[in-house]
Amino acid sequence: MSLSISDPPSLVAGQISFQQLADAMPQMVWSTLPDGSHDYYNAQWYSFTGVPEGSTDGEGWNGMFHPEDQARAWARWRHSLETGDPYEIEYRLRHHSGEYRWTLGRALPVRDDEGRIVRWVGTCTEIDDQKRIAEHNQILSRELSHRIKNIFAVVNGLIGLSARQFPGMKDFARQMQSRVAALGRAHDYVRPHSEESARHDGPTTLKELLFDLLSPYPALDEGRLTIEGDDVQVDDRGATPIGLVFHELATNATKYGGLSTPEGRVRVISSLRDGRVHLSWSEEGGPPIQRVPQLHGFGTRLTEISIVRQLGGTLERRWPVEGLCVEIELPEAALSRIRSVEAA
């Protein structure tokens with residue numbers, strides 16, 4: 001049964017019926033009974049789909065979706081009917097031309113005074129152009145990011161070639177190659193991936209980045225290098241500076257500190273408080289520290305530039321006899337563009 005101008009007063013705005021109001025909207029509008037059975041579509045639905053009036057009543061609407069989207073749409077709709085949660089989903093809807101076009105479907109329940117659902121009212125909004133532009137931009141972004149990844153490999157190769165020409169620079173060249181490789185791993189973790197190339201599900205996070213960066217060190221598998229605490233979202237805004245810093249810390253720990261002996265340990269702890277991320281690096285079990293070293297090397301300046309200048313944070317080193325302790329504090333917004341926008 002379709003809604004009409006004879007419907008109850010609750011569906012009438014002044015002298016304008018629900019049907020007249022819905023037909024005047026630029027979106028496709030529909031409504032269902034409490035059990036989800038569709039009983040009304042406005043003129044925009046029939047104009048878009050080209051189907052005969054009444055042919056998609058009841059459960060006939062699902063046949064209008066792309067076959068690959070039907071099961072997903074049904075599952076999401078059943079969830080809303082069972083829970084009363086708002087309905088929202090993107091799917092491909094068949095246009096009267098025969099093409100399937102991306103559409104955003106939304107619906108909210110209408111409740112009576114006792115909170116019972118008496119009707120669902122929803123809309124369908126065509127988003128095909130926006131969806132295709134977004135997909136095109138993602139392809140371009142992945143291609144650009146892949147080229148950047150290749151640049152890291154080229155730079156590493158050039159450093160190797162230069163080292164062969166200048167044998168006295170081999171140690172320096174190895175250090176530079178190691179740093180470039182750390183940048184490459186950080187970039188590869190946060191760069192845009194396709195479904196086929198993605199190595200993880202969901203957003204990129206700080207802890208997963210640290211696991212990825214430190215995976216080449218056997219101490220991680222041995223349980224002597226642990227990563228604990230809170231997790232936060234991270235993207236390329238924060239990944240490369242963080243990658244450089246923790247690469248320097250792990251390299252030095254392997255050479256001189258807590259990872260240079262079989263008994264040594266390193267513990268990394270992250271915590272989030274009041275929009276600030278605190279990272280703690282503590283070593284123990286390595287060679288005892290007899291005195292505070294004089295730090296003037298390139299690696300020291302690199303870590304300070306990464307944390308202080310690039311991310312607007314602070315970095316403090318302490319040298320107890322048990323091993324190096326490093327305390328880093330950063331604004332959460334510095335690690336992710338999304339968090340930066342939200343903070344603004």
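Buried means under 20% relative accessible area, exposed over 50%, and partly exposed in between (1.4 Å probe, protein chains only). Keep that at hand for these exercises. The model is predicted, so local features need pLDDT of at least 70, side-chain atom pairs count only at pLDDT 80 or more, and totals for chains, interfaces and linings use all residues. Residues are numbered from 1 along each chain as its sequence is written, and side-chain values use heavy atoms, with hydrogens and water left out.

**Exercise 1.** Find Phe166 and decide whether Phe166 is buried or exposed.

*Solution.*
- Step 1: look in the loop between α4 (128–165) and α5 (170–190), where Phe166 sits. Helices here are DSSP runs (H or I, at least four residues), and strands are E runs of at least two, numbered from the N terminus.
- Step 2: Phe166 counts as exposed because its relative accessibility is 52%.

**Exercise 2.** Now classify Val118 by its relative accessibility, and state how far Val118 is from Leu33 in sequence and in space.

*Solution.*
- Step 1: go to strand β7 (residues 117–126), which holds Val118.
- Step 2: with 37% relative accessibility, Val118 counts as partly exposed.
- Step 3: Val118 and Leu33 are separated by 85 residues in sequence, yet their C-alpha atoms are 6.8 Å apart.

**Exercise 3.** Sort the residues lining the largest cavity into nonpolar, polar and charged.

*Solution.*
- Step 1: list the lining, which includes Trp30, His38, Tyr41 and Cys124. A cavity is a set of points on a 1 Å grid over the protein atoms alone where a 1.4 Å probe fits but cannot get out; lining residues have an atom within 4 Å of a point.
- Step 2: β4 (38–41) and β5 (87–94) each give two or more residues to this lining.
- Step 3: count Ala, Val, Leu, Ile, Met, Phe, Trp, Tyr, Cys and Pro as nonpolar, Asp, Glu, Lys and Arg as charged, and the others, Gly among them, as polar. The lining then has 9 nonpolar residues, 1 polar and no charged.

Note on methods:
1 Å grid on protein atoms, 1.4 Å probe; cavity = no way out; pocket = protein on both sides within 12 Å on 5 of 7 lines; lining within 4 Å.
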